Each structure stands twice: as C-alpha cells, then as structure tokens.
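Dear colleague,

I am passing on the structure that we talked about, together with some notes on what turned up in it. Please keep the structure open while you read, so that each residue can be found as it comes up.

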Amino acid sequence: MKYEQVPGATKRTMNEKTLSEIDFYRIREEVAGFCVTQEGKQSLLEREPLTSSKKIEFYKNAGREWVTYYSCTHRSPVSFWEPISGLNAIIKTDGASLNLEQVKALGQFTIAVKNIKANIALHTDDLELKLLPEQAALLPDGTETEKKIFRIITSDGELRDLPEIVQIRKAIAGLNAKIKNIMQGYTSDQKLAGVLESTVPVLRGGRQVLAVKASQQNRIKGIVHEVSQTAQTVYIEPEEAVICSNELVQKEYELQMVIKRILLELTQELQPSVPFFRDALPLMQFFDTTFAAARWGMENNCVYAIPCLAYDKSGNNLDEPPLLLKARHPLLGSKAVPIDIRFMTGKRVLIITGPNTGGKTVTLKTFALFSMLNQTGLPIPAAEGTRLPVFSNVFADIGDSQNMDMNLSTFSGHMKNIAEAVSGAGEDTLILLDELGSGTDPQEGTAIAMAVLDELIQKKSFVLVTTHMGILKNYGYTNPCCINASVEFDQTTLSPSYRLLMGVPGESHALDIAERSGLPKPICGAARNYIATEQADVSALIRGLNRKHVELNKIQKEAQRKEAEFTEKCDKLKAKELELRRRDNELKKNKQQEMNDFLIHSRRQLENLVRELKEGEVTRDKTLKVKQYISELETNTERLNAKIEAADEKITRDEEAFAKEQQKKNAHNGANAGAGGNKSKRKLSNAEALKYATSFGSSAGEASVAGSGKAMDIEKPLVFEPGAYVIVGANKNEGVLIKEERKGLWSVQFGSVKMSVKQKEMKLVRRESSEPKPTVSFDLAGSEQSGEYVNEKASERPVFELRLLGMRSEEAIRALEHQIDLCVLNNFTHFSVIHGKGDGILQQTVKDYLSHCPMVKGFNYAPAEDGGAGKTYVSL
C-alpha cells in the first residue's frame with residue numbers, strides 16, 4: 001500500500017507493565033542504538049506496538065528494502081545531523097536569530113536530505129526498490145535552503161570569509177601583531193632584565209600584561225591589572241599596549257555585531273524554508289529508524305514475519321495460525337536454543353508443561369516479545385516463514401507478584417493480574433499465564449485455572465499457559481481449543497534440553513532436578529515412594545509419547561531434508577535453464593548487431609563508391625577501388641561464415657561425443673543385463689553395421705577373386721574435384737564442380753548459372769553415359785595386362801573456362817575444337833569461353849565456329865556481372 005505520508009507517532013495502547021516484563025523496552029532501546037541521529041533514536045524510542053496491519057507492513061516493507069540495499073552497497077544512506085526539531089520556532093519568530101551551531105545543524109540536515117534522495121535514486125532500478133523511492137519522492141526540495149545556509153557557513157560549520165568580516169578580521173590581526181611587537185620590545189630590552197619577573201607575557205582579563213617586580217613597577221608606565229598573593233609581582237599592561245588593546249576590544253565587538261547581523265538576516269531568509277524542515281524531518285526520522293531496524297536485524301540474523309492474514313482465490317479472508325520457526329530470544333545471545341511454536345487452526349490455547357528451568361517461561365516471553373516487535377515494524381530473530389498475528393493488547397502474569405506495600409501475597413498478586421487479563425481479554429488479545437493455579441491448594445488452584453481457561457476460550461483470546469498441574473495436561477487433551485506442548489528433558493543427563501515439543505505434555509522431573517541440585521538421595525528416594533501408582537502410570541504414558549514424538553521428529557526431519565535437496569536441484573536446473581536462455585539470447589543479439597554493423601558499413605562504402613563513379617569519369621584507380629571493396633566484402637563474408645561453421649562443427653563434435661557416451665552407457669547396461677545367463681541382443685549402430693558389412697564384403701570379394709582367377713573392373717571412387725558431378729538441395733539439382741574457392745566451399749555450374757555451394761550441402765553422383773568408356777582390366781591371377789584398349793590421354797580433361805585471350809583466330813579455333821573433343825570424350829556438356837571484347841575479331845570467330853559446329857546445342861553471352869559480351873556460355 002502506498003502512503004502519502006509517514007505514519008505519525010503512536011499512542012500507548014498496550015499494557016506497559018507487560019511490555020516491560022517481556023523485555024520489549026530493552027530490545028527497542030538496543031535497536032534504537034543503531035540509529036545515525038539523535039532525533040531518529042528518539043523517534044524509535046517513542047514508537048509503541050501498532051495495531052494497524054497496514055502501518056505494520058509499511059514499516060516492515062521499508063525494512064526489507066533496506067536489507068536489500070545494505071546487502072548490496074554496505075553503505076549507510078543516512079547522514080548525521082544535529083537535532084533541529086526546536087529550530088522552526090526560532091525561525092518563525094520575528095527578531096529571533098539562530099546561532100552558528102544551529103545554522104550548522106540546519107545545513108547538515110539539508111545535506112542529509114539530498115544524500116538520502118540521491119542514494120535511493122541511484123539503486124532504485126537495479127535493486128527493484130519500491131516503497132523507499134515513493135517516500136523519498138515525498139521529501140521536499142531543499143536546494144535553495146542549502147544555498148542560503150552554505151553561502152554563510154562552510155561545510156565544517158565555520159563562518160565564511162565574507163568581505164565585511166574579512167576587513168574586520170584583518171584589523172584585529174594587525175592589532176594583535178602590534179601588541180605582540182610591543183610586548184616583545186619590553187621583554188627583549190636588556191635594560192629591563194632586572195625589572196621583569198618573566199620574559200613571557202601573560203594574560204590577565206583577556207589582555208596581555210608583563211610580570212614586573214613590585215619594587216621596580218615605576219620603571220614601566222601602564223595599568224596594573226593584578227598583584228600576586230605575595231605582593232612581589234605586579235602585572236602591568238604598558239601604555240602603548242593599552243591603546244591597542246582598547247582598539248582590539250572595539251574591533252572584536254564590531255565583528256560580533258556583524259556576525260549577529262548576518263545570522264539575523266539568514267534567519268529571516270530561512271522563514272520560507274519552515275515547511276521544508278517541518279515536512280522533511282518526519283520522513284528523515286522514518287528513514288533513519290527503518291534503516292536502523294534493518295541493520296539490527298542483519299546483525300542478529302533476523303527476518304521480518306509474514307502476517308497471519310491471508311486471502312483465498314475468491315477474496316475470502318483466511319486467518320492462518322501463528323507460527324514461530326527457530327525462534328531465539330535476543331537477550332540470550334549465542335546461548336539461545338532455537339524453538340518452534342506451531343499453533344493449529346482452531347486452537348488458541350497452548351499449555352506448556354515440563355521440568356523446572358526447562359525454558360517454559362522463556363517460551364512465553366519469546367512469543368509475546370516477538371509479537372510486539374513485529375507490531376512495532378521490527379525484525380525478529382527467527383527463520384523465514386515465521387508468521388505472527390496482530391494483537392490489540394497483551395496481558396501477562398509472570399513471576400512472583402508478591403507486594404508487601406500493597407498487602408499482596410503471592411497468590412493474591414497472581415489473581416489480581418489474572419483478573420485484569422480476563423477483564424481486558426478479547427478475540428485479538430494475547431494473554432500469558434505463568435504457573436497458572438500455583439500458590440494455593442492444588443485442587444482449588446487447578447479448578448480456578450480450568451475456569452479461567454474456559455472464560456478465555458469463550459472470549460477467543462490467544463493464551464499461552466505454563467503449569468505443573470497434571471489435571472491441566474488432561475484438560476489440554478480433552479478440550480478441542482487447546483494444544484499441549486512440553487520442554488524436552490534429556491533422560492541420560494537428567495537435564496532439560498530447552499527444546500519445545502508440540503503436541504506432547506511433559507513431566508516435571510522435580511525429583512531428578514532436586515537430586516541434581518544437591519537434595520540428599522535418601523530424601524529423593526523417600527519422595528519417590530510417596531508417588532501414587534496411578535501417577536506412575538501416567539508418567540510412563542507420557543514417556544512413551546515422548547519417545548514416539550522423537551521418532552516422528554526424526555522421520556519429519558529426513559523428509560524435510562529430502563524435500564530441501566529436491567527443491568535445491570529444481571532451483572539449480574531452473575537457474576541453468578535461465579542461464580542457457582540468456583546466453584542464447586545474447587548470442588542472437590550479438591549476431592544481429594554484428595550483421596547490422598556489417599550491412600551499414602558495406603552500404604556506406606558502396607554508396608561512396610557509386611557517388612565517386614557518378615561524379616567523375618571511370619578511371620583505372622576507381623575500378624581498382626571497386627574491385628578492392630568487393631574483395632574486402634568477400635573476405636568479411638568469409639570471416640563471418642567461418643565463425644558460424646566453427647561453432648557448427650563444435651556442436652557436431654559435442655553431439656558425437658554425447659552419442660558415444662550414451663552408447664557406452666547402453667553397452668554397459670546391456671552387459672549388466674546379460675550377466676544373469678541370458679544372452680542379450682542389441683541393435684548395431686549404422687556405423688557398426690557399415691563397418692561389419694564392409695569388412696565382410698571385402699573379405700568375400702577378395703576370396704572370390706583369388707579363387708576364380710578372373711579379371712574384375714576397378715571403379716574409381718567418388719571424390720570432390722573439378723569436373724565431378726553433384727546434386728544439391730531437396731530438388732536434387734544437378735551441377736558440375738568448377739573449382740574449390742576455399743576449404744569446404746565450391747564453385748558449381750548449374751546450366752548457365754554458376755553458384756558457390758558448401759561441400760556439406762552437396763552429394764557426389766556418377767554420371768551415366770551412353771558413350772563407351774575405356775576400361776582398364778587386370779588379370780589378378782597373372783602379371784600380364786589383358787585389356788584390349790588403353791586410353792593414353794585418360795589424364796587429359798576439358799576445362800570449365802577456355803581462355804582464348806591473345807590468340808590468333810586459327811589458334812583459337814584449334815583450341816576450341818580440342819576443348820569440344822575433350823568434352824565429348826568426358827561427357828562434359830557445359831563450359832565457357834573467355835574471348836574478350838577488344839575489336840570484336842576473336843568474339844566473331846568464336847561465334848561463327850560455334851554456329852556451324854554440329855556438337856554445339858546452344859551458346860549465349862555471359863551476364864554482365866560475369867563478363868558480359870567478353871565471355872560465352874556453351875552447351876553441347
């Protein structure tokens with residue numbers, strides 16, 4: 001909830017006597033010690049437990065945000081200032097003037113306001129603060145006030161060297177120097193060595209004087225300021241010094257008048273700033289107190305309790321029961337044993353039993369103290385998940401209430417406290433009853449205790465009771481509004497462990513503790529003989545319940561441990577998933593930015609080149625510049641492609657490694673499964689199947705050849721090389737490899753179109769030809785060659801680009817004829833001829849020859865970007 005202003009001072013609604021008994025005031029004072037300013041400390045010391053859930057959550061939410069802030073910055077956002085609460089009255093009074101210390105305090109306050117706003121604004125976004133920035137926005141602007149103040153004083157609170165002040169101070173300094181010279185003239189005069197008692201001037205009445213021997217006082221003219229007790233020494237101020245000192249007094253008085261006038265004028269100038277100080281002070285106290293609470297909480301490993309008030313999906317009010325987890329009383333320090341107090345739905349009375357000195361009373365005080373600290377907006381030393389309600393009042397009957405002055409016995413003192421509690425009890429009241437029913441006849445005391453509990457249950461109050469009465473243990477079992485609890489007792493050491501066991505009543509163990517405390521064993525033995533058999537049976541039952549509770553507690557802790565491990569694993573997986581998603585997104589953003597930069601840079605360069613070409617004639621330098629740009633563009637593109645391919649190859653290697661690891665695991669699992677005597681079958685991977693098939697085929701073929709002694713044809717394996725045929729894409733477009741532009745990237749001819757294609761995107765194929773191919777045969781049984789035909793020019797192959805530049809017409813026609821012959825022999829259906837433009841003679845010769853050649857299917861000039869009319873594509 002957003003507050004327009006900080007909640008004001010709280011009125012006392014709680015029982016002050018009870019708050020004192022549960023040590024609330026001691027803890028509040030300890031927290032106040034963490035405040036930076038005296039006014040913040042005083043504000044916290046005046047804060048009482050609140051009854052408004054909204055105000056309580058307001059303070060707690062501010063504290064939570066301060067914990068986040070301080071955990072990250074480790075700096076105090078609150079600056080020190082001296083108290084200013086009473087200075088507004090002086091400023092508003094006409095003719096009144098602030099003194100220098102008060103002006104300094106106001107200056108410190110304006111600096112503190114500026115700092116708190118700056119510190120909160122600096123970390124609002126990165127720490128996701130909400131409430132603190134809202135409150136900081138309510139702080140009025142004190143810039144003008146700050147300027148007015150620090151125009152007069154420095155940051156140290158000293159008066160600045162204003163022109164009118166500087167002039168007077170110079171005069172004062174000059175007079176002091178003159179007086180000093182006068183005194184030095186007397187003390188250094190050798191003629192006066194026998195006259196002066198000391199060569200060092202002394203101060204008397206704020207003036208420098210000389211210590212002169214009484215018998216020689218006539219030697220120095222001046223004013224006698226003092227005579228020593230022995231009348232042997234006279235303190236004289238020389239006449240020359242008197243004149244200077246009188247003038248000095250006047251100048252100092254003049255300086256004080258100027259300073260007073262300046263401060264008076266400043267006070268009048270600050271009258272418009274009265275609303276600033278009035279409105280900003282409560283907010284600054286709020287920041288100081290909430291930050292102090294957060295720091296105290298961090299020092300003591302505290303948390304802010306969550307409210308018991310909750311709502312379902314339909315908006316209906318659901319009151320969850322109070323819950324204290326690992327609660328530690330702050331006054332016990334490191335000796336405190338964490339306890340859990342779990343109320344159940346519908347059960348508002350907790351009856352705690354167990355041995356003396358076991359911690360029953362401390363448990364009562366801990367719950368009440370934590371409730372009041374929570375309602376003051378302070379953190380509590382407990383674990384996360386602690387849940388506390390809001391009580392309208394708290395009453396307690398703790399300790400011995402005997403009072404001789406008021407004629408109250410122990411029992412009557414208890415009854416007076418209980419009567420007050422019953423009278424003020426309500427549905428949202430917390431009541432603590434320590435040793436209920438004690439101090440009188442056990443039977444009557446028990447009856448009173450049950451009657452009191454009946455009344456409090458009817459009023460639906462929250463009640464915490466400690467007792468040794470056995471009947472009250474049974475009352476806790478039989479009444480549906482009650483729940484039993486006990487403080488644990490260690491049977492081996494015969495001492496309490498100070499842990500609270502919910503749902504189980506406890507034994508008092510009075511005899512064990514008495515014997516341990518020094519009571520003679522015969523007396524303890526006799527006391528045990530007096531115990532009735534029925535009571536012994538009840539004790540045995542309680543001990544059995546305690547053992548069952550311990551076993552159940554172990555099972556519960558184990559389940560909680562496993563649940564915590566599972567939750568931790570889920571959190572790690574989720575964090576890993578988020579990290580992977582973040583990295584993926586970062587990679588995408590980086591890639592996109594890189595491409596954008598590359599595109600923008602290339603576009604700018606291209607535009608500049610086009611502009612240069614348009615503005616002037618085409619020269620060799622400009623042509624080279626364009627070619628250089630295109631070369632750089634290709635280089636950059638290759639660099640980007642290389643990065644992508646490298647990443648792709650790494651992913652492929654990782655996938656292969658992962659697959660091998662999985663295969664090993666599967667093989668290991670298969671081996672384990674077959675250990676029982678049954679032979680397990682498993683599928684072979686494609687690689688293994690191919691391996692076995694290849695080795696089998698090879699061995700079989702070798703055996704067959706060796707056995708038959710007949711010749712067999714050896715077919716050349718398919719490799720990526722110029723002239724090889726490939727198919728590309730889902731449509732299986734057929735092309736011919738021209739040349740390898742770089743590793744993994746080939747130039748491929750598809751009809752009249754030439755493209756660059758990655759090697760991994762292509763598949764080698766054999767080109768079926770109707771022409772007879774020369775074959776080579778070997779007789780594996782003998783050493784002589786049995787083939788009928790051997791191609792002597794088998795190594796000569798046609799070229800993809802036939803360059804005729806610089807040839808004569810006859811040479812060009814012979815080269816073209818030879819190229820076409822090789823193409824026919826190698827089933828090569830496409831090639832290109834580079835003849836250039838020049839005078840057009842070679843171009844016309846090629847055109848005439850191709851037009852009359854019967855092997856030529858068609859020809860055409862290349863596109864402009866691939867040579868234009870200087871190059872011809874040929875199809876056979």
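Ala 231 is partly exposed, with a relative accessible area of 43%, and it sits in the loop between strand E3 (222-227) and strand E4. Please bear in mind from the start that this is a predicted model, and that every value below was computed from it. Most residues other than glycine have a negative phi. Glu 128, with a positive phi of about 55 degrees, is another non-glycine residue of this kind. Glu 128 belongs to the loop between helix H6 (100-123) and helix H7 (131-137), and with a relative accessible area of 71% it counts as exposed.

**The protein as a whole**

Stepping back, you will find 22 helices and 27 strands in the secondary structure of the protein. The chain has 876 residues, and 36% of them count as buried. The accessible surface comes to about 52300 Å², with 52% of it belonging to carbon and sulfur atoms. If you take the contacts between residues at least 6 apart in sequence, 66% of them join residues that are at least 24 apart.

Thr 233 lies in strand E4 (residues 233-238), and because its relative accessible area is 12%, under the 20% cut-off, it counts as buried. Which residues does Thr 233 touch, not counting those up to four places away in sequence? They are Glu 197, Ala 211, Val 212, Ala 214, Glu 226, Val 227 and Ser 228.

Ala 382 is found in the loop between helix H12 (360-375) and strand E11 (387-388), and at 4% relative accessibility this residue is buried as well. Leaving aside neighbours within four places in sequence, Ala 382 is in contact with Asn 301, Val 303, Leu 325, Lys 326, Ala 327, Arg 328 and Phe 370. Ala 382 and Asp 340 are 42 residues apart in sequence, while their C-alpha atoms are 9.2 Å apart in space.

**Charged side chains that pair**

Side chains of opposite charge can pair when their charged atoms come close. The count of salt bridges in this model comes to 21, and a few of them are worth looking at one by one.

In one of them the side chains of Glu 48 and Arg 28 meet, at 3.3 Å from N to O. Glu 48 lies in the loop between helix H3 (38-45) and helix H4 (53-73), whereas Arg 28 lies in helix H2 (residues 24-32), so the pair ties together parts that are 20 residues apart in sequence. Are these two residues buried or exposed? Glu 48 is buried, with a relative accessible area of 3%, and Arg 28 is buried too, at 7%.

The salt bridge between Glu 558 and Arg 561 has a distance of 2.4 Å from N to O. Both residues lie in helix H18 (residues 533-615), where they are 3 residues apart, about one turn of the helix. Glu 558 is partly exposed, with a relative accessible area of 34%, and Arg 561 is likewise partly exposed, at 40%.

Asp 279 forms a salt bridge with Arg 278, the closest N and O atoms being 3.2 Å apart. Here again you will see partly exposed residues, with Asp 279 at 39% relative accessibility and Arg 278 at 48%. Finally, Glu 57, Lys 60 and Arg 64 are linked in a network of salt bridges.

Glu 82, Glu 101, Asp 156 and Glu 158 form a negative surface patch. Asp 156, one of its members, has its place in the loop between helix H8 (143-150) and helix H9 (163-187). Why does Asp 156 count as exposed? Its relative accessible area is 56%, which is over the 50% cut-off, and therefore it counts as exposed.

Methods: Residues are numbered from 1 along each chain as its sequence is written. This is a predicted model: local features need pLDDT of at least 70, side-chain atom pairs count only at pLDDT 80 or more; totals for chains, interfaces and linings use all residues. Side-chain values use heavy atoms; hydrogens and water are left out. Helices (H or I, at least four residues) and strands (E, at least two) are DSSP runs, numbered from the N terminus. Buried means under 20% relative accessible area, exposed over 50%, partly exposed in between (1.4 Å probe, protein chains only). Contact means heavy atoms within 4.5 Å. Accessible areas come from the Shrake-Rupley method with a 1.4 Å probe; for residues, only the protein chains shown count as cover. Patches are made of residues with over 30% relative accessible area and no salt bridge: like charges are joined within 9 Å, nonpolar side chains (Val, Leu, Ile, Met, Phe, Trp, Tyr) within 5 Å. A salt bridge is a side-chain nitrogen of Lys or Arg within 4 Å of a carboxyl oxygen of Asp or Glu. Lys and Arg count as positive and Asp and Glu as negative; His and the chain ends are not counted. The place of a charge is taken as NZ of Lys, CZ of Arg, CG of Asp or CD of Glu.
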